[in-house]
Amino acid sequence: MKETEKTAEVRRMQLSGWGNYPSVEADVYLPGNAGQLRELIQNSNYLIARGNGRSYGDAALGGRVACMLSMNRITSFDTGSGLITCEAGVLLSDILPVIVPAGWFFHVTPGVKSITVGGAIASDVHGKNHPEKGCFSRWLLSFRLMDASGAILDCSRDENASLFWQTCGGMGWTGVILSATFQLMRVTSVYMRQLTVRAGNLEDMFRHFEVHKNMPYAAAWIDTTAPVQASGKGTVLFAEHRQGDTTIEWQTKKPADVPYFAPSWLLNPVSIRFHNEIYYRRNKPGERTVHLDKYFYPLDGITNWNRLYGRRGFIQYQFCMPEKEAFEGIGEVLQAVTPSGEVPFLSVLKRHGERPVEAVNSFPVKGYSLALDFPRTRGLISLLNRLDELVRRRDGKVYLAKDAVSHPGLGRVDISRFTGRKFTSAMRERLEQ
Ligand SMILES: Cc1cc2nc3c(=O)[nH]c(=O)nc-3n(C[C@H](O)[C@H](O)[C@H](O)COP(=O)(O)OP(=O)(O)OC[C@H]3O[C@@H](n4cnc5c(N)ncnc54)[C@H](O)[C@@H]3O)c2cc1C
């Protein structure tokens, strides 16, 4: 049977990102192969690709969506060189059990493993090792992209190079990624050596990042419920891969589940303060050995944890500021958040390195980023508008993979570069208003 003979399965449904806000009614198509996708593209005036919906806001939303989860084959894996080729809908969590026992891991991984390879490219994701390893695109050799006419283009640094770079971090607006080849990193252990350090305030926090800058991985949790005089108080987790354990297997614990939406009042300033205090006390300073899964994907230990925020959902606001602005700028943001009455449940600070000039759409700039998870309340949008202004004044950016409400242009993806209007999302509509 020819691959185009069967059309892609479609479902009409209410769709949202990981933050459960915003939500739109959408026709979600599940193409199983390139032929079905081509037919869908050629019969659509507009469309957006979707991976596993782990972007928080409106990046993978639209009235017509091509969900790539059925195109999920690993087509080749060279255990000698660590080169892997797979379809765009393969989840990182499906790659890990194949590569880790063979002694390989991702050079760059975000803090969640249930994302697709297509989503990793379209957001050009970063990990806790950005200064050393950059974004996902740095390890990407090539991909195949279906454009608005249904043609398949091979893209790499040498072939269709401009399209290659526009697609990395291009949020699906250049076409649909079909498959990709990328380089993995050698590991000889499934364990990490983790060093936990406490910081009493933001100055202390930045000092720790500087002192331990040779540690390949670093991410800090900030207690945003701390009083103004201890603003920036928190815990930094540094880590490096352990060497030479004899057996490496990928076995993970079955995650706990949040089966229903929690009541929206569950996460309130009092419960968040309580959680922060427990988190701070539990993470005692010192060294310990931690499994890769626990270090890189701590939140994957609970499936559907986003339901803890209730049906109203939440917004993650992640911004990045250049090095010379970051200390003061992040201090200003924290000081705007503390008295606002809006209390983020999770707050993560990361350090970032140089961005290659070609990576025009990648989020991180050399400096620091802060991600704040806010339960959605009535007053939240006006606080986020104020934060946008603080970020803009410090020449910062917001991360479009998390964004749901920000000021047009703060993501700095140059929309004019994307010719045609076929690939359009709710986010792009918002950015163009
Ligand atoms: C708990 C958690 C932790 C996270 N931590 C990090 C982190 O540390 N670093 C980081 O960078 N990100 C992080 N993220 C964000 C996440 O990695 C990105 O949003 C990623 O793009 C999600 O991939 P997805 O497959 O779910 O894509 P989706 O959310 O479905 O889509 C994201 C974007 O990719 C586009 N897209 C998806 N597939 C394709 C395709 N085949 N072709 C073209 N475009 C496509 C969509 O149009 C959309 O614009 C985190 C998310 C969660 C939930």
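Student: Which residue forms a salt bridge with Asp58, and how far apart are the closest N and O atoms?

Tutor: The partner is Arg430, and the closest N and O atoms of the pair are 2.8 Å apart. A salt bridge here means a side-chain nitrogen of Lys or Arg within 4 Å of a carboxyl oxygen of Asp or Glu. Helices (H or I, at least four residues) and strands (E, at least two) are DSSP runs, numbered from the N terminus.

A word on the ground rules. This is a predicted model, in which local features need pLDDT of at least 70 and side-chain atom pairs count only at pLDDT 80 or more, while totals for chains, interfaces and linings use all residues. Residues are numbered from 1 along each chain as its sequence is written, and side-chain values use heavy atoms, with hydrogens and water left out.

Back to the charges. The structure holds 24 salt bridges. Two of them are counted between domain 1 and domain 2. Lys113 also forms a salt bridge, with Asp293 as its partner. Their closest N and O atoms are 3.0 Å apart.

Now the domains themselves. Domain 1 covers 71-187, and domain 2 covers 191-242 + 256-398. These bounds come from an automatic or database domain assignment. Taken over C-alpha atoms, the two domain centres are 26 Å apart. Domain 1 puts 26 residues into the contact, and domain 2 puts in 25. Contact means heavy atoms within 4.5 Å.

About 2,100 Å² is buried between domain 1 and domain 2. Carbon and sulfur atoms give 58% of that area. Buried area is the accessible area (1.4 Å probe) that two parts lose on being put together, summed over both. On the domain 1 side, His126, Lys128 and Trp165 lose the most area to domain 2. Together these three account for 33% of what domain 1 buries.

Look inside domain 2 next. Asp204 lies in helix 6, residues 202-211. Leaving out residues up to four places away in sequence, Asp204 touches Arg198 and Ala199. Its C-alpha atom is separated by 9.4 Å from that of Gly234, a residue 30 places away along the chain.

Most residues other than glycine have a negative phi, and most peptide bonds are trans. Asn160 has a positive phi, near 45 degrees. Asn160 is placed in the loop between strand 9 (152-156) and helix 5 (161-167). The peptide bond from Tyr21 to Pro22 is cis, and its omega is near -5 degrees. Pro22 is found in the loop between strand 1 and strand 2.
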